[in-house]
Amino acid sequence: MFGPHLTLDLYGCNEEKLSDLNFIYKILDELPNLMEMHKISPPQVILHKGNPKSFDKGGISAFVLIAESHISIHTFIGYGFASVDIFSCKPFDEKKVEDYVVKAFEAKKVEKNFLERGKEFPKEIGAAKEIILKERSTLKAPLQS
């Protein structure tokens with residue numbers, strides 16, 4: 001596979017933490033090291049005031065780019081909710097990450113999803129060669145003149 005994709009939807013979070021730009025920055029600054037990944041940008045953390053004509057009452061949207069892909073956090077302050085998204089081309093200890101994030105946000109309930117993305121992505125030359133040879137064998141030969 002290309003890599004794991006972990007999503008955590010956190011309910012009943014500490015609302016002060018959900019609205020704290022420095023707290024969210026700290027989480028995104030620490031997670032790559034916890035996962036043995038490599039930051040390629042500092043965390044970007046943006047406060048959004050919300051849209052009074054929608055469910056969005058405001059929160060923080062934030063992300064950090066890592067050499068292995070990305071980590072993002074979106075908070076919804078008025079709902080005690082945070083959505084965390086971690087995609088990587090390298091395996092990581094999903095339980096360790098989940099425990100860290102849940103504890104940090106003081107979440108009362110967690111909805112976890114874990115995907116193995118790019119199951120046919122050829123990371124290894126040998127695997128790529130097999131896929132290419134198989135695909136070429138199904139192609140029709142060009143017309144001979």
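Modeller: Accessible areas here come from the Shrake-Rupley method with a 1.4 Å probe, and for residues only the protein chains shown count as cover. By that method the protein exposes about 9,300 Å², of which carbon and sulfur atoms supply 57%. This is a predicted model, in which local features need pLDDT of at least 70 and side-chain atom pairs count only at pLDDT 80 or more, while totals for chains, interfaces and linings use all residues. Residues are numbered from 1 along each chain as its sequence is written, and side-chain values use heavy atoms, with hydrogens and water left out.

Biologist: In what order do the elements of the protein run from the N terminus on?

Modeller: Helices (H or I, at least four residues) and strands (E, at least two) are DSSP runs, numbered from the N terminus. The order is β-α-α-β-β-β-β-α-β-α, giving four helices and six strands.

Biologist: Which residues touch the most other members of the largest nonpolar core?

Modeller: In soluble globular proteins, nonpolar side chains tend to be buried together. A nonpolar core is a set of buried Ala, Val, Leu, Ile, Met, Phe, Trp, Tyr and Cys residues joined through side-chain atoms within 4.5 Å; buried means under 20% relative accessible area, exposed over 50%, and partly exposed in between (1.4 Å probe, protein chains only). Here the largest core has 28 residues, and Leu10 and Phe105 touch the most other members. Two or more residues come from each of strand E1 (3-11), helix H2 (21-34), strand E3 (59-66), strand E4 (69-76), strand E5 (81-88) and helix H3 (94-105).

Biologist: Which residues of H3 are buried?

Modeller: They are Val97, Glu98, Val101, Val102, Ala104 and Phe105. These residues lie on the same side of H3, because they cover an arc of only 165° around the axis, the arc being that of the directions from the helix axis to the C-beta atoms. Their cover includes E1, helix H1 (15-18), H2, E4, E5 and strand E6 (109-117).

Biologist: What caps the N-terminal end of H3?

Modeller: Asp93 does, with a side-chain oxygen 3.2 Å from the backbone nitrogen of Lys95. After H3 comes Glu106, whose phi is positive, near 55°.

Biologist: Is His5 buried or exposed?

Modeller: His5, found in strand E1, is buried, with a relative accessible area of 11%. A polar contact is a pair of N or O atoms within 3.5 Å; within protein, one must be able to donate a hydrogen and the other to accept it, and residues adjacent in sequence count only if both atoms are side-chain atoms. Such a contact, of 3.0 Å, joins the side chains of His5 and Arg117.

Key. Contact means heavy atoms within 4.5 Å.
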